[in-house]
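Colleague: Could you take one part of this model and walk me through it closely? I'd like the helix packing, then whatever side-chain detail goes with it.

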Amino acid sequence: MKKITNICCIGAGYVGGPTMAVIASNCPEIKVTVVDVNTQRIADWNGADLENLPIYEPGLKEIVSAVRGKNLFFSTDIEEGIKQAQMIFISVNTPTKTYGKGKGMAADLKYIELCARQIASVADEEKIIVEKSTIPVRTAQTIKTILENTGNKIKFQILSNPEFLAEGTAINDLQNADRMLIGGDHSTEEGRKAIDSLAAIYERWLPAERIIKTNLWSSELSKLTANAFLAQRVSSINAMSAICEKTGADVDEVARAIGADSRIGSKFIKSSVGFGGSCFQKDILNLVYISASLGLNEVADYWEQVLLINSYQRRRFAENIVTSLFNTVAGKKIAFLGWAFKKDTNDTRETAAMYVADLLLEETADICVYDPKVSQSKMYSNLEHLGTRSNEENEAHLKAVSDPYEACRDSHAIAILTEWDEFRSYDWQRIFDNMKKPAFIFDGRNITDCKKLTDIGFKVYQIGRGCNIASV
Ligand code: NAD
Ligand code: UGA
């Protein structure tokens with residue numbers, strides 16, 4: 001087994017940055033260099049102000065401050081990073097394709113291919129290549145073919161090592177991972193040695209029994225499967241939330257009741273305004289595409305339902321706001337508490353908030369957003385990405401402010417889109433006093449105390465509970 005002392009990670013994003021920081025902090029003898037084409041991102045990772053790292057994750061700045069400049073480095077010199085490293089992680093983005101065959105469904109592998117070509121052209125000695133990005137099953141074959149056919153005839157070992165961290169808890173997820181999955185070629189001695197070299201890194205802080213070794217294709221497919229199962233649970237409970245609202249059942253009570261069954265378990269059954277994030281939708285679309293490409297249309301239809309329920313849930317939430325506000329929100333100020341796709345992250349990719357905002361902007365509402373970590377410019381770029389109207393119109397009707405009380409002042413309704421902890425302890429009486437009446441709260445995360453708010457005078461809607469507004 002080769003002892004690894006130099007690692008390069010291509011891609012300094014939500015996965016590459018935190019993952020490499022945790023490896024560097026657990027393995028002081030390994031030099032870890034994270035490289036990226038995005039010069040601003042690298043400058044931010046290297047910036048003196050640890051409050052302004054490109055990614056907000058609890059615990060991240062402490063780790064970066066402890067190891068940056070010692071054995072963790074961020075650089076734009078990709079070639080040098082590749083040359084020096086014995087092991088190269090590919091951690092670049094794999095978004096949904098926006099063009100050509102598979103548009104809107106398949107994963108776009110152009111960045112993966114670029115990495116493979118760059119590694120092939122630069123490498124002058126044997127290297128282990130680790131797929132960290134989430135990719136369609138059998139992508140390792142593509143990487144292998146590129147490396148073998150375009151390079152300097154160097155031998156490469158390809159491993160699949162998908163990442164299961166969730167944003168907002170990334171450091172803890174990495175430090176205490178439930179499992180670490182390594183897929184590789186067990187049929188050759190070099191393949192087995194490469195698997196062991198990677199396993200040895202993780203064994204520095206994870207118990208050996210948590211390291212699962214499989215063949216390449218099982219590992220690649222397990223990543224898509226895990227995300228599909230997690231998202232499916234959220235869509236399942238969200239589907240039940242609609243039934244709850246029509247029948248007087250309480251979705252949180254239902255979740256508690258079923259979650260107590262150890263076969264079901266209590267995680268990922270919290271009803272919400274819909275799941276967001278960069279991966280659930282993208283990975284399920286990819287799974288649907290793969291299934292259909294394999295001629296497995298029933299399988300494709302099955303997984304597609306998870307996404308259909310998710311957009312239904314977001315739409316249902318927005319339409320409920322319109323209906324409750326006497327069928328019109330035109331010119332009415334609606335306050336949004338939260339924009340990030342979940343708490344403790346500044347990531348807004350596929351956030352439910354942007355879809356709800358988009359629907360309300362179609363009804364010509366005026367939206368005022370407060371989110372503790374998300375900038376106004378990010379909100380505008382999310383809306384631009386949806387492409388429903390011009391940037392000027394979005395900018396005229398949606399504003400972000402840095403004070404939640406100001407966001408809510410003179411609003412007709414408050415919509416809670418993210419479950420930030422600070423929302424729980426607001427002075428709701430003060431907020432109520434400064435709102436238009438009747439004052440509505442639409443809690444898309446069920447974090448408020450319905451009775452307390454009702455006693456103050458609010459009209460409250462919670463997902464799967466209805467609360468004191470008759471739901472649609
Ligand atoms: P990201 O967009 O935050 O980061 C990717 C980075 O790669 C960007 O900074 C980009 O500039 C860089 N990059 C792209 N092509 C490059 C190239 N050729 N050379 C150098 N740098 C290049 O993405 P992310 O959220 O970190 O996700 C990365 C992968 O990990 C995706 O496949 C994703 O599905 C997967 N994943 C993400 C998460 C998550 O929580 N975000 C969790 C598990 C897995
Ligand atoms: C998810 C997976 O949890 C990670 O294991 C995976 O590595 C990652 O995707 C990925 O591949 O990118 P992430 O999207 O960061 O992680 O965050 P989650 O905690 O999974 O939340 C996703 C969305 O589902 C959020 O919008 C969250 O609010 C929502 N959610 C989650 C619910 O509505 N209810 C729940 O019970 C759980």
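Modeller: In this predicted model, α12 passes α13 in a right-handed crossing, meaning the near helix is turned clockwise from the far one by less than a right angle. The helices here (DSSP runs of H or I, at least four residues, numbered from the N terminus) are α12, residues 297–324, and α13, residues 352–362, packed at an angle of about 40 degrees with axes 9 Å apart. That angle makes α12 oblique to α13, since oblique is what is left after under 35 degrees (roughly parallel), over 145 (roughly antiparallel) and 65 to 115 (roughly perpendicular). Axes are lines fitted to C-alpha atoms over the stretch in contact, and angles run from 0 to 180 degrees between N-to-C directions.

In contact terms (heavy atoms within 4.5 Å), R314, R315, F317, A318, I321 and V322 of α12 meet A352, Y355, V356, L359 and L360 of α13. Those residues split into 9 nonpolar, no polar and 2 charged, with Ala, Val, Leu, Ile, Met, Phe, Trp, Tyr, Cys and Pro as nonpolar, Asp, Glu, Lys and Arg as charged, and the others, Gly among them, as polar.

Now R389, in the loop between α14 (376–386) and α15 (391–397). R389 counts as buried because its relative accessibility is 13%, where buried is under 20% (1.4 Å probe, protein chains only). Leaving out residues up to four places away in sequence, R389 touches D358, L361, E362 and N394. Its side chain makes a polar contact with the side chain of N394 at 2.8 Å, and a polar atom of that R389 side chain lies 3.0 Å from the backbone oxygen of D358. A polar contact is a pair of N or O atoms within 3.5 Å; within protein, one must be able to donate a hydrogen and the other to accept it, and residues adjacent in sequence count only if both atoms are side-chain atoms.

Housekeeping: residues are numbered from 1 along each chain as its sequence is written, with chains lettered from A and ligands numbered from 1 in the order in which they are written. Local features need pLDDT of at least 70 and side-chain atom pairs count only at pLDDT 80 or more, while totals for chains, interfaces and linings use all residues, and side-chain values use heavy atoms, with hydrogens and water left out.

Methods
Helix = DSSP H or I, 4+ residues; strand = E, 2+ residues; numbered from the N terminus. Buried < 20%, exposed > 50% of the residue type's maximum accessible area, 1.4 Å probe, protein only.
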